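Keep the sequence and the model side by side.

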Amino acid sequence: MEKPKPRSRSKSNSAPTTPRTSSATAARSRKRALTAYSLDERMEMFRRFEVQRPEPTGELEHVNVFTLLVAVVLSAQATDAGVNKATRALFQIADTPQKMLALGEEKVGEYIRTIGLWRNKAKNVILLSEALIRDHGGEVPGDRNALTKLPGVGRKTANVVLNMFFHQPTMAVDTHIFRIANRILLAPGKNVDEVEEALLKVVPEQYLLHAHHWLILHGRYVCKARKPECERCVIADICKAPEKTNDVPAPLVRWEETGLLPAK
Ligand code: SF4
């Protein structure tokens, strides 16, 4: 995950300045903006994302909530495309915890061998299948506490499942969301927890359910890590990223209609 840049501190040879009082420092940090955007700007930003992708979806292939959970567990430090390649065959024969358990760790490992950390992930898939059968009657719980108790399931994984299947307005901060939140100053934070907390506050409520997917897809296809493609960006006029290279927003049409862009 991209790490936040350290703040630069200028050294001075001049006489020491008057130290700030702790209350002044506290006030400053309280005042440090949660976001660089007014509510109107945020409303407009997400309105455009919605026009572009009215029904955004994730790119991890799955056939039910169990396979969604497994796919998300497998996607840690792997690309969605790489996970999909491996899981297509796996999910054809093991789409329930019972079938996954019957398949066994070794066989699961054979299916997912192309994915990073596959040994550990195969083990977790079997352990979480066991836990689902033992503790939840073979069902995936729609509750964060219960989800994060499952082997291999962290907060981000739980957030994805809660959002995609249980339609809860969660914010699963991945590398794209973390980068965008900081780059464009939408919800700056030093770590994923800070960014998650800030986004939940600054994304207008009516857009919260889909914000996670809009930001991921925007980061994956337009506001890319190495070089943001600002000339293809529908929020180029609103964006406050110091490194943006264009002020003119791209035409606001549905993503599939642009003709210039990749499939998603
Ligand atoms: S204008 Fe550039 S930096 Fe800003 S959101 Fe768009 S792609 Fe990212």
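Start at valine 161. Beyond its neighbours up to four places away in sequence, valine 161 touches Val65, Leu68, Leu69, Val72, Val140 and Leu147. Bear in mind that the model is predicted.

Valine 161 is one of the buried residues of helix α8. This helix spans residues 155-164, and eight of its 10 residues are buried, so α8 is largely enclosed by the rest of the structure. What lies over them? The cover includes α3, α7 (144-148) and α11 (208-221).

Now widen the view to the largest nonpolar core. It holds 65 residues, and Val108, Val161 and Cys233 touch the most other members. Helix α3, residues 65-74, supplies the largest share, eight residues. Both domain 1 (39-57 + 170-257) and domain 2 (65-164) contribute residues, so the core lies between them. In soluble globular proteins, nonpolar side chains tend to be buried together.

Val108 of α5 is among the residues that make the contact between α5 and α6. Helix α5 covers residues 97-111 and helix α6 covers residues 118-136. Their axes are 9 Å apart and the packing angle is about 160 degrees. That angle is over 145, and α5 and α6 are therefore roughly antiparallel to each other. Their crossing is left-handed. On the α5 side, the contact also includes Met100, Leu101 and Gly104. On the α6 side, it includes Trp118, Ala122, Val125, Ile126 and Ile133.

A second pair has another geometry to consider. Helix α9 (residues 175-183) and helix α10 (residues 192-202) have axes that come within 10 Å and cross at roughly 70 degrees. α9 and α10 are therefore roughly perpendicular to each other. This crossing is left-handed. Ile177, Phe178 and Ala181 of α9 meet Val192, Val195 and Leu199 of α10.

Stay on α9 for one more residue, isoleucine 180. Is isoleucine 180 buried or exposed? It has 26 other C-beta atoms within 10 Å, so it is buried. Setting aside neighbours within four places in sequence, isoleucine 180 contacts Leu186, Leu215, His218, Gly219 and Cys223. Isoleucine 216 is 36 residues from isoleucine 180 in sequence, yet their C-alpha atoms are 8.7 Å apart in space.

Terms used. Residues are numbered from 1 along each chain as its sequence is written. This is a predicted model: local features need pLDDT of at least 70, side-chain atom pairs count only at pLDDT 80 or more; totals for chains, interfaces and linings use all residues. A nonpolar core is a set of buried Ala, Val, Leu, Ile, Met, Phe, Trp, Tyr and Cys residues joined through C-beta atoms within 7 Å. A residue is buried if 20 or more other C-beta atoms lie within 10 Å of its own, exposed if 12 or fewer, and partly exposed in between; C-beta atoms are placed from the backbone. Helices (H or I, at least four residues) and strands (E, at least two) are DSSP runs, numbered from the N terminus. Domain bounds come from an automatic or database domain assignment. Two residues are in contact if their C-beta atoms, placed from the backbone, lie within 7 Å. Axes are lines fitted to C-alpha atoms, for helices over the stretch in contact, and angles run from 0 to 180 degrees between N-to-C directions. Angles under 35 degrees count as roughly parallel, over 145 as roughly antiparallel, 65 to 115 as roughly perpendicular and the rest as oblique. A crossing is left-handed if the near helix is turned anticlockwise from the far one by less than a right angle, and right-handed if clockwise.
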